[in-house]
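Keep the picture open as you read.

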Amino acid sequence: EDETPIKQYKVLERAELERQLMSTIDRVSQMLDVSLDDAQNLLKYFGWKYEKLQNTYFDKPEYYLDQAGIKHAVSRLSSSSSSSSTPCSPSSSAASAPKPDELYNCMVCLETVKGSDTYALNCGHRYCLSCWQSHFSVSVKERGASVITTRCMFPGCTLKPGLTVWKRLAIPNDYERFLYFLLKDFVERNGKYVFCVNPQCGRAIQFLGTGKPSVVVECSCGARFCFSCGMEQHNPVSCEIMGKWKEKNSDESESLKLVNAISKPCFHCGWPTERNQGCNHMTCKMCHKEWCWLCRGDWKTHGQHTGGFYSCNKYDASEAKKIDDWANKYLEDTKRFKHYFERYFNHDTARRQLAGMAANLRKAAFEYGVQQHRSYEAVGEAIDLILECRQVLKYTYVYGFYLPPDAKEVAFFEYFQA
């Protein structure tokens, strides 16, 4: 019997991704007996990698707490084992709790407010709730993704409010933005998650396998892409080669190299000139001065003693000879690249054309099947197969371009490609 292969990945909706984030934070909170906010900041410092935190944290706990923007957590960790404690609630703090009716002067707005209308992190820097709310709003508007590193308002203080503090003190829209960027950081730095490449989607993909996640994934929205690099499905090409191919096709310096390879600068003004026929005696159209096409020197130094109009005995010993050797090699490489790129482009174009026609073809097959009382599923399967073949063939030309021309496997590869 054919066994259905086990998927190495899982598509996550926003709510499921949020649950996994909270579950990871809670797991660290319980393991270290710290608040949820402290657990969040520790995880963020360790790149959201639970195993890395577990294996490294206990070597230098005070150092990592300080680096993560946490204070006084050591005292909780070093409490006697006989006593049990629970993670601090958003309103609790190592700072002394204010008396509800006691009056405090907020050092930001300079207003006098009741203790119940103030808040302080473990650093003890106490401000009114209105100033905290404004502080969070300004951070959201001005800091973008860096909002997740927002600190206490006191100058020089390194403590960072976490999720529970944001949820309690910020307005709902600001909290949602903070949570959005926290989820984004969780996905991008964890290594086991990626966002769907479709900008209208918003789902995330979780890698369930072991080792390097180089699997091709398919999101619920239909987007297919490489988990490792985020580019579209590109087998049989590796991510490394895809990076080179993408860079080569977007490198503006390649255009400049081509100009230098097919043209030569005027000896007098430097204007690039291309010769399609004729002798070596060049007259520049820009400055109207004369120069030699071969050695690129001033024509005044040329004549019958240098070889006349059709040869130049200065050429072989000149720098121009070395430049021309480079240009000839570059043009040969460019010709080879053009061969592979055209075929890559043609398969890509054919695939896009079929993808654009697919919906109408499926509809026509369905209508025909209903009218003739015949099965129509094979048409859809054929369309999917052709799309897949075009995609693979497209990238075989990238693979072939980076194969050394004298490699033993070239003939074998081209046999299968054909």
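The second largest pocket is lined by Glu218, Gly222, Ala223, Arg224, Glu232, Gln233, Arg351, Asp384, Leu387, Glu388 and Gln391. Before we go on: this is a predicted model, where local features need pLDDT of at least 70 and side-chain atom pairs count only at pLDDT 80 or more, while totals for chains, interfaces and linings use all residues. Residues are numbered from 1 along each chain as its sequence is written, and side-chain values use heavy atoms, with hydrogens and water left out.

So what's a pocket? On a 1 Å grid over the protein atoms alone, it's an open set of points where a 1.4 Å probe fits, with protein on both sides within 12 Å along at least five of seven lines; lining residues have an atom within 4 Å of a point. This one holds about 250 Å³ of space, a volume being the space filled by probe spheres set on the points, which are joined across faces, edges and corners. Helix α12 (residues 377-401) gives the largest share of its lining, 4 residues. Helices (H or I, at least four residues) and strands (E, at least two) are DSSP runs, numbered from the N terminus. By class, you'll find 2 nonpolar, 3 polar and 6 charged residues in this lining. Here Asp, Glu, Lys and Arg count as charged, Ala, Val, Leu, Ile, Met, Phe, Trp, Tyr, Cys and Pro as nonpolar, and the others, Gly among them, as polar.

Now hop over to the largest pocket, with about 350 Å³ of space. Of its 16 lining residues, Thr24, Glu51, Asn190, Lys192 and Tyr193 are the closest to the centre. The lining splits into 6 nonpolar, 6 polar and 4 charged residues, and α1 supplies the largest share, 4 residues.

Strand β7 (204-207) is another supplier, with at least two residues in that lining. Ala204 and Gln206 point one way from β7, Ile205 and Phe207 the other, and all are buried (under 20% relative accessible area, with a 1.4 Å probe and protein chains only). Strand β1 (residues 9-12) runs antiparallel to β7, joined by 4 bridges; pairing takes at least two bridges found by DSSP. Gln206 in β7 is the bridge partner of Lys10, and Tyr193 stands opposite Gln206 too.

Finally, is Lys264 buried or exposed? Lys264 counts as buried because its relative accessibility is 6%. Its side chain makes a polar contact with the side chain of Asp324 (3.1 Å), meaning a pair of N or O atoms within 3.5 Å, one able to donate a hydrogen and the other to accept it.

How values were computed. Buried means under 20% relative accessible area, exposed over 50%, partly exposed in between (1.4 Å probe, protein chains only).
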